[in-house]
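Biologist: Could you walk me through this structure, please? I would like to start with the sheet and then move on.

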Amino acid sequence: MKSQRRTKMVAAVAGAASLALLATGCSAADGGDSDGPITLTVTTFGTMGLDGLYAAYEADNPNITIKATNIDTGGNALTDWKTKQAAGAGLADVQAVEEGWLGQVMQVSDTFVDLSEYGADDIKDRWVDWKLAQGTDADGRIIGYGTDIGPEGLCYNGALLEEAGMPSDRDAVAELFGGDDATWDEFFQVGKDYNAATGKAFYDHSGFVWNAMVNQLDEGYYTADGEINVEGNSALQSQWDKLADGAAAGLSSQQSAWDWGGGKAFTDGSFATFMCPGWMLGVVKGQVEAAGGDASTGWDFADVFPGGAANWGGAFLTVPTQSEHPEEAAKLAAYLTSAESEVAAFQAAGTFPSVIAAQTDDGVTGGSELSTFFNDAPIGTILGSRAEGVTSQFKGPNDSVIQEQVFGPATKELDSGVDGDTAWNNAIEVLKNLDLN
């Protein structure tokens with residue numbers, strides 16, 4: 001779900017390519033000004049694509065040693081952050097924060113370093129405006145440097161679509177779903193046609209589809225002024241009704257989120273389409289490979305998304321005030337979110353840059369191991385296209401709680417055969433019992 005942003009993927013980063021990128025214009029020789037050696041801790045989660053960057057930074061800053069911890073999912077990382085935040089100790093010098101946590105983070109923004117004190121104002125033009133705004137608190141303090149954003153395209157298995165008598169060419173697939181005018185109604189209708197032709201499910205499970213639908217709305221679980229916006233929300237319930245109809249039609253494969261049978265569901269024909277923000281592309285590749293598959297399994301990536309532009313996820317690098325080395329930590333965070341570093345992260349994991357200069361870099365728009373896996377899809381170009389029109393949705397303090405504890409069980413109910421009205425009403429009861437107001 002939303003806060004469980006990425007599953008951990010053991011990926012072979014193109015180290016030589018990354019180092020070459022960093023050597024040309026991304027030197028951090030001025031990163032360390034301490035008289036003695038310093039160890040900086042970094043906590044990330046899932047597939048952020050940063051692992052290949054630490055050694056290059058250490059090489060340019062011989063007095064700096066980086067001790068990195070990567071937590072498997074964003075949900076577990078949120079729990080880790082909240083526990084250490086409450087204890088007042090234990091947070092890393094550089095702490096990755098998920099977009100879905102922002103409401104909670106901003107409630108305690110004074111426990112994060114104002115990066116403006118360490119040069120943020122000099123580099124704030126790096127990022128797309130809405131990403132910078134997300135990382136800025138109500139007092140105008142920049143507390144997070146943006147890593148990636150999550151524009152969404154559609155992953156699909158071309159071989160499976162062909163079995164159903166449907167096109168597999170990515171341009172034709174985009175048109176199949178309606179092209180620039182793609183709607184959720186069309187998506188579910190294509191799914192019904194696929195199911196009628198094959199008897200198979202169309203997407204992995206209702207939860208990820210629901211997450212995509214919610215993120216697409218102008219206002220999701222909260223209004224823009226911070227009020228919970230679920231019960232009586234006709235826009236939200238209209239989307240729910242479409243999702244429920246799809247589940248009732250047998251379009252969900254009823255997979256477990258972040259599991260997929262150890263990746264086998266990506267290789268055995270269990271489903272033909274998958275919701276894909278940029279960072280999820282690395283997850284798909286990792287799941288296929290974990291199940292013994294490779295590019296021949298038929299996965300591709302199309303420049304289309306039901307309902308238009310949408311953003312799912314994206315992270316920030318912050319410096320908690322717990323850090324004993326805030327200046328050095330801020331410099332490391334700035335380095336890891338430079339254009340060159342975000343290009344390298346994209347090549348490693350498909351994380352689409354939030355830094356403007358990186359979005360059109362050849363390292364993003366050109367080929368990579370990831371694009372080769374997805375049938376030579378121009379991944380960076382597609383994600384750039386899908387990013388057009390994306391705006392930031394306000395995330396309230398309990399956004400991730402509502403997603404996981406309210407609609408997580410409700411979408412599982414849909415997949416298990418519970419009718420849409422009953423599952424919706426059950427969700428509303430759970431929400432009331434949580435008493436989040």
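Modeller: Here we go through a sheet, a disulfide and a helix in turn. This is a predicted model, where local features need pLDDT of at least 70, side-chain atom pairs count only at pLDDT 80 or more, and totals for chains, interfaces and linings use all residues. Residues are numbered from 1 along each chain as its sequence is written, and side-chain values use heavy atoms, with hydrogens and water left out.

Biologist: In what order do the 3 strands of the open sheet lie?

Modeller: The order is β7-β6-β8, with antiparallel pairing; strands are DSSP runs of E, at least two residues long, numbered from the N terminus, and two of them pair if DSSP finds at least two bridges between them.

Biologist: Which strands stand at the edges?

Modeller: β7 (273-277) and β8 (299-302) do, each with a single partner strand, so one side of each has no neighbour in the sheet. Strand β6 (residues 152-157) pairs with β8 over 4 bridges, and L154 stands opposite A302 in β8.

Biologist: Okay, new topic: which cysteines form a disulfide?

Modeller: C155 and C276 do, with their sulfur atoms 2.1 Å apart, where the cut-off for a disulfide is within 2.5 Å. The pair links C155 in strand β6 to C276 in strand β7, 121 residues apart.

Biologist: Is C155 buried or exposed?

Modeller: C155 is buried, at 0% relative accessibility, where buried means under 20% relative accessible area and exposed over 50%, partly exposed in between (1.4 Å probe, protein chains only).

Biologist: And which residues of helix α18 are buried?

Modeller: In α18 (residues 379-387), they are I379, G380, I382, L383, R386 and A387; a helix here is a DSSP run of H or I, at least four residues long.
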